[in-house]
Amino acid sequence: QNLPTMRLAAHLCGCRVNEVLNGDDRFLSTLPSLGFQRVQINATAVNGVDTSKLSDCVPSFVLLTTKYSKLEFILQKNEETKPLWEGVLNYSVNARATTGGHCGGDGLPSLPPNVTMLLDESKGTGVLSKTYPAPPDEYDVGYAGGIGPSNIIDVLDAIRTSGKGRAVWIDMESRLRSTKDGRDVFDLDKCYECIDAVCKAKFFSHPSYLA
């Protein structure tokens with residue numbers, strides 16, 4: 001049976017984020033050949049990143065997104081990362097004439113076409129969000145923070161209301177982990193629980209290739 005190609009997203013932390021933000025693509029350049037189509041930039045202190053000069057990294061980051069136009073880059077959008085994501089948004093206004101910035105059709109600041117944002121005020125620590133803001137007109141967003149098998153339907157209902165028909169996504173990790181045989185592992189059983197819940201709620205049809 002020919003199964004669908006798995007879509008891979010690389011979640012970068014620590015030194016790998018510092019490299020990308022400083023324009024160093026030696027590691028980033030290896031990802032497309034490994035099948036990765038999306039790259040999430042977790043530019044927060046809890047993820048081991050030097051956040052003291054995020055605004056200074058905007059030009060080099062934007063240039064990398066242009067160089068790797070077939071990759072989708074995902075920025076965490078929260079208060080800590082504001083110097084980065086706000087800087088990328090405003091880069092089009094400040095330097096679009098000479099450095100490849102981007103503006104929306106209405107002249108408002110917008111992200112490069114292959115950059116999106118992940119709304120997660122928990123900064124990857126798995127704290128459930130209290131609100132799910134509507135996606136801006138200028139770019140696409142995903143939602144994260146404490147989502148797992150026990151609450152995924154409630155979260156999706158809230159996001160569907162906020163999204164107003166826009167295509168969005170969710171990001172999960174902390175509540176998909178378990179301790180098994182004394183080891184902290186990413187638990188595929190919990191992934192399947194989420195898939196079953198989503199399909200039973202008729203958000204999607206159950207994949208034929210999953211039992």
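Which strands does helix α2 (residues 58–67) lie across? The answer is β2, β3 (72–77) and β4 (115–119), and the helix runs at about 150° to β3. Contact here means heavy atoms within 4.5 Å. Axes are lines fitted to C-alpha atoms, for helices over the stretch in contact, and angles run from 0 to 180 degrees between N-to-C directions. Helices (H or I, at least four residues) and strands (E, at least two) are DSSP runs, numbered from the N terminus.

A word on the model itself: it is predicted, so local features need pLDDT of at least 70 and side-chain atom pairs count only at pLDDT 80 or more, while totals for chains, interfaces and linings use all residues. Residues are numbered from 1 along each chain as its sequence is written, and side-chain values use heavy atoms, with hydrogens and water left out.

Now for the sheet. It is open, has 6 strands in the order β1-β2-β3-β4-β5-β6, and its pairing is parallel; two strands pair if DSSP finds at least two bridges between them. At the edges sit β1 (8–12) and β6 (169–171), each pairing on one side only. On average, and with direction ignored, neighbouring strands of this sheet are turned by 30° against each other. There are 5 bridges between β1 and β2 (residues 36–41), a parallel pair, and Ala10 has Val39 in β2 as its bridge partner.

Helix α1 (residues 14–21) has several buried residues, namely Gly14, Val17, Glu19, Val20 and Leu21; buried means under 20% relative accessible area, with a 1.4 Å probe and protein chains only. Gly23 follows α1 and has a positive phi, near 85°.

The axes of α4 (residues 152–163) and α5 (residues 188–200) are 9 Å apart, at an angle of about 50°. The crossing of α4 past α5 is right-handed, meaning that the near helix is turned clockwise from the far one by less than a right angle. Here Ile152, Ile153 and Leu156 of α4 meet Cys194, Ala197 and Val198 of α5. The contact counts 6 nonpolar residues, no polar and no charged.

Finally, there is a hairpin. Strands β7 (residues 177–180) and β8 (residues 183–186) run antiparallel and are joined by 4 bridges, with Lys180 opposite Arg183 in β8. The hairpin has 2 residues between its strands, and Asp181 takes a positive phi near 55°.

Key
Ala, Val, Leu, Ile, Met, Phe, Trp, Tyr, Cys and Pro count as nonpolar, Asp, Glu, Lys and Arg as charged, and the others, Gly among them, as polar. Buried means under 20% relative accessible area, exposed over 50%, partly exposed in between (1.4 Å probe, protein chains only).
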